[in-house]
Amino acid sequence: MDDFYSDTKSLPSKEMLEAIVSAPLGDEQKAEDPTTAELERRVAELLGKEAAVFMISGTMCNEIAVRVHCRPGDEIICDATSHLLNFECGSPAALSGVVLHGLQGTNGIFTPEDVRGAMRPASRYMPVSRMLLVEQTANLGGGAIWPLETIDAVVGEARSHGLVTHMDGARLLNAVAKTGISAARYARDFDSVWIDFSKGLGAPCGAVLAGSAEFCHQAWRQKQALGGAMRQSGVLAATCIYALENNMAQQSRDNELAASIGRRLERIPHISHMHPVDSNIIIFDVAADAPTAEDIVARLRERGVLLGAFGERRLRAVTCLNVDEQAGDRLVAELTAILGA
Ligand SMILES: Cc1ncc(COP(=O)(O)O)c(C=O)c1O
């Protein structure tokens, strides 16, 4: 199968798995796992933060950041397409008692004016505007990359109102690979930020949340509280260190392959709209007289190509270690066969 469903589906390589065997291990709950500590040190440095905490998933990074930054009754300003709002089971409400205010950005990217417009006035009745969330890259925005000026502007606006700021950097490294702007610069003015190892970096699981030493102390306590603290977590951290050392260049290849597929899809009849392809995600819509997205997914599957349906007429393809240029050629050819007539 040529699997374009998600960059979460890549399998660890033999070399990545071998890195586990030689990893020094200890009890992470007692801060005694040297491999986890080394991963946290490297990610803190990469993101330009004082400290970092290894988590089992990106979702846990988001939810723990919310728990540390917010109190019940607070409100988070984010894009309406964000992962936090759509795909985390309502956990900001369930775990932290927090409300989300979804902005109608463009491809997941909003403006300082949007932030200003969403701010609650001081009031005895309203929720308290507490936190700003930026998702770099914006997944449902088609992997759109937030321009640095826009990040600086929205964070500046948020800070002027006293908000804390959090970056969901699940695919931050795809943005870094595309623009050459460092992860630390993108993350500079955020109180917390995380990167995911189970996406473009190709590790089986794991994400690292970074921020000040005090933020990370509180984040670790929340990790323990939620049952996310681990023991010999070095077996996982070793795969993440391997990814940092060996798979960083992959993000550029993924971005380039997605761009090349995107250019070719644009020419297929019945593809009515393409999101701009900024990074490794390709989102496109099919016309009303074409088969539905579900139908196309089923027909592609029969031909050995996996894609995701994101709505009745919207499809998503994601590039990662799983797929190469030949797979891209097959995706374009099979879609042309289904839609091109
Ligand atoms: C933008 C974004 N944030 C957060 C997550 C959650 O990451 P995880 O699957 O590691 O929990 C995802 C996963 O797809 C994502 O795309």
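Author: Helices here are DSSP runs of at least four residues, numbered from the N terminus. In this predicted model, Arg264 belongs to helix H12, residues 250-265.

Reader: Why is Arg264 called partly exposed?

Author: Arg264 has 15 other C-beta atoms within 10 Å. A residue is buried at 20 or more such neighbours and exposed at 12 or fewer. The count of 15 lies in between, so Arg264 is partly exposed.

Reader: How far apart are Arg264 and Arg231 in sequence and in space?

Author: They are separated by 33 residues in sequence and by 48 Å in space, taken from C-alpha to C-alpha.

Reader: What makes helix H8 largely enclosed by the rest of the structure?

Author: Helix H8 covers residues 172-179, and seven of its eight residues are buried, so the helix is largely enclosed. The buried residues are Leu172, Leu173, Asn174, Ala175, Val176, Ala177 and Lys178.

Reader: Against which elements do the buried residues of H8 pack?

Author: Their partners are strand S6 (164-169), helix H9 (183-187), strand S7 (192-196) and H12. Gly180 follows H8 and has a positive phi, near 80°.

Reader: Which residues make the contact of H1 with H11?

Author: H1 passes H11 in a right-handed crossing. On the H1 side the contact is made by Glu15, Met16, Ala19 and Ile20, and on the H11 side by Val235, Ala238, Thr239, Ile241, Tyr242 and Ala243. By class, these comprise eight nonpolar, one polar and one charged residues.

Reader: How do H2 and H11 cross?

Author: Their axes come within 8 Å, with a crossing angle of roughly 35°, and the crossing is left-handed. H2 contributes Pro34, Thr35, Thr36, Glu38, Leu39 and Arg42, which meet Gly234, Ala237, Ala238, Cys240, Ile241 and Leu244 of H11. Seven residues of this contact are nonpolar, three polar and two charged.

Reader: How do you know whether Arg42 is buried, exposed or partly exposed?

Author: Arg42, in helix H2, has 17 other C-beta atoms within 10 Å. That value is set against 20 or more for buried and 12 or fewer for exposed. Arg42 is therefore partly exposed. Its contacts, leaving aside neighbours within four places in sequence, are Ile241 and Leu244. The C-alpha atom of Arg42 is 27 Å from that of Ser82, 40 residues away along the chain.

Reader: Which residues of H3 and H10 meet?

Author: Ile64, Arg67 and Val68 of H3 meet Phe215, Gln218, Ala219, Gln222 and Lys223 of H10. The class tally is four nonpolar, two polar and two charged residues. The axes of H3 (residues 58-69) and H10 (residues 213-225) come within 9 Å and cross at roughly 115°, in a right-handed crossing.

Reader: Why is Ala31 called exposed?

Author: Ala31 has 12 other C-beta atoms within 10 Å. The limit for an exposed residue is 12 or fewer, so Ala31 is exposed. Ala31 lies in the loop between H1 and helix H2 (34-47), and has a positive phi of about 60° although it is not a glycine.

Reader: What makes Asn107 count as partly exposed?

Author: Asn107 has 19 C-beta neighbours inside 10 Å. Asn107 is placed in the loop between strand S4 (99-103) and helix H6 (112-118). Its phi is positive, near 50°, and the residue is not glycine.

Reader: Which residues does a cis peptide bond join?

Author: The bond joins Gln136 and Thr137, with omega about -5°. Thr137 is in the loop between strand S5 (128-135) and helix H7 (148-160).

Reader: Which residues are around the ligand?

Author: They are Thr8, Ser57, Gly58, Thr59, His83, Glu135, Asn139, Asp168, Ala170, Asp196, Ser198 and Ala207. This shell has two nonpolar, seven polar and three charged residues.

How values were computed. Residues numbered from 1 in each chain as written. Predicted model: local features only at pLDDT ≥ 70, side-chain atom pairs only at ≥ 80, totals over all residues. Near = placed C-beta within 6 Å. Nonpolar A, V, L, I, M, F, W, Y, C, P; charged D, E, K, R; others polar. Left-handed = near helix turned anticlockwise from the far one by under 90°. Helix = DSSP H or I, 4+ residues; strand = E, 2+ residues; numbered from the N terminus. Contact = placed C-beta atoms within 7 Å. Axes fitted to C-alpha atoms, helices over the stretch in contact; angles between N-to-C directions.
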